[in-house]
Amino acid sequence: MRVALVDDQQLVRAGFRMVIDSQPDLEVVVEAGDGAQALRLLASHPVDVVLMDVRMPNLDGLSATAQLTAAAADAGPGVVPRVIVLTTFDLDEYVLAAIRAGASGFLLKDAPPEEMLAAIRTVHAGDAVIAPSSTRRLLEHLVTALPADAPADPEAQHAVEQLTDREREVLVLMARGRSNLEIASELFVAEATVKTHVGRILAKLRARDRVQAVVTAYETGLVRPGSPD
């Protein structure tokens, strides 16, 4: 798996690179200090996963993520790399915007190395980073920080209303960090059936991946922050 590190702090990149390159199945092939440099390098150096900081000079991570994911329309599926946004709890509004821009997940900068490695592998496998406990805490934290009177997007609300009862069940469990296998076990169905439900949910919500679907579930009130497991 080819990984790109985009962060304006060289020491941060060096630490991440040391951890990633220690793995037999991972390799850092691109390093960039800002979003503009990252876009230039990624145009000629294909990668699978990008770890993208939010706040950087010249071009921030949010704008770079939007440009990268927008390129998917021209390049076709599987060509544009998956983006994991690196963040801290005090950047809630940036995280939500990054997910809307097409990021496949987010990771706290102080997450343990094994969680970072798991996130890279999860995203590369085609899933979004939802399962780690820090991700769910971050999701709930950022949605709680949204204005209480902010209306849900009418299109998103309508899309959620088009879900079947079973699809809503699956989406709620996705938002609670369950894997397909865990959802299958909880609903007493085959894992292949859950995959089918997830695919239909993503299509109906016009969500790029699980993260975007889960954010929609929170924003439309289908899932509430702090709801029990």
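How many bridges join strand β3 to strand β4, and which way do the two run? I opened the notebook with that. The model is predicted, so I read it as such. I count five bridges between β3 (residues 49-53) and β4 (residues 82-87), and the strands run parallel.

**Entry: the sheet**

I traced the whole sheet next. Five strands form an open sheet in the order β2-β1-β3-β4-β5. The pairing is parallel. I noted the edges: β2 (27-32) and β5 (105-108) each pair on one side only. Neighbouring strands are turned by 25° against each other on average, with direction ignored. As a reminder to myself, strands of a sheet pair through backbone hydrogen bonds, either parallel or antiparallel.

**Entry: strand β3**

I stayed with β3 and looked at its other neighbour. Four bridges join β1 to β3, and this pair runs parallel. Then I went residue by residue. Val6 has Met52 of β3 as its bridge partner. On the β4 side, Met52 stands opposite Val85. Asp53 has Leu86 of β4 as its bridge partner.

Are the residues of β3 buried or exposed? I find five of its five residues buried, so to speak a covered strand. Val49, Leu51 and Asp53 point one way from β3. Val50 and Met52 point the other way. Asp53 is buried along with the others.

**Entry: helices on the sheet**

I checked what lies across the strands. Helix α3 (residues 61-70) lies across β3 and β4, running at about 150° to β3. Helix α6 (residues 113-124) lies across β1 (2-6), β3, β4 and β5. I read about 130° between α6 and β3.

Helix α3 also has a helix partner. Helix α2 (residues 35-42) packs on α3 at an angle of about 25°, with the axes 9 Å apart. The two are therefore roughly parallel to each other. Their crossing is right-handed. I listed the contact residues: Gly35, Leu39 and Leu42 in α2 meet Ala64, Gln67 and Leu68 in α3.

**Entry: the largest core**

Which residues have the most contacts inside the largest nonpolar core? I wrote down Val170, Leu171, Met174, Ile183, Ile201, Leu205 and Ala213. This core has 23 residues. I then asked where they come from. At least two residues each are supplied by α8 (154-161), α9 (165-175), α10 (180-187), α11 (191-205) and α12 (210-219). The largest share, six residues, comes from α9.

Leaving aside residues up to four places away in sequence, Leu171 touches Leu163, Ile201, Leu205, Ala213, Val214, Ala217 and Leu222. I also logged a second, separate core of 22 residues, which includes Met52, Met56, Leu59 and Leu68.

**Entry: helix α9**

I looked up burial along α9. Its buried residues are Glu167, Val170, Leu171, Val172, Leu173, Met174 and Ala175. After α9 comes Gly177, with a positive phi near 90°.

At what angle do α9 and α10 pack? I read about 130°, with the axes 10 Å apart. That makes α9 oblique to α10. The crossing is right-handed. From α9 the contact uses Arg166, Glu169, Val170, Leu173 and Met174. From α10 it uses Ile183, Glu186 and Leu187.

**Entry: Ala213**

Last, I turned to Ala213, which lies in helix α12. Its relative accessible area is 0%, so Ala213 is buried. Ala213 touches Leu171, Met174, Leu202, Leu205 and Ala207, again not counting residues up to four places away in sequence. I also took one C-alpha distance. Ala213 and Ala175 are 38 residues apart along the chain, and their C-alpha atoms are separated by 8.4 Å.

Terms used
Residues numbered from 1 in each chain as written. Predicted model: local features only at pLDDT ≥ 70, side-chain atom pairs only at ≥ 80, totals over all residues. Heavy atoms only, no water. Core = buried A, V, L, I, M, F, W, Y, C linked by side-chain atoms within 4.5 Å. Buried < 20%, exposed > 50% of the residue type's maximum accessible area, 1.4 Å probe, protein only. Contact = heavy atoms within 4.5 Å. Pairing = 2+ DSSP bridges. Axes fitted to C-alpha atoms, helices over the stretch in contact; angles between N-to-C directions. Parallel < 35°, antiparallel > 145°, perpendicular 65-115°, else oblique. Left-handed = near helix turned anticlockwise from the far one by under 90°.
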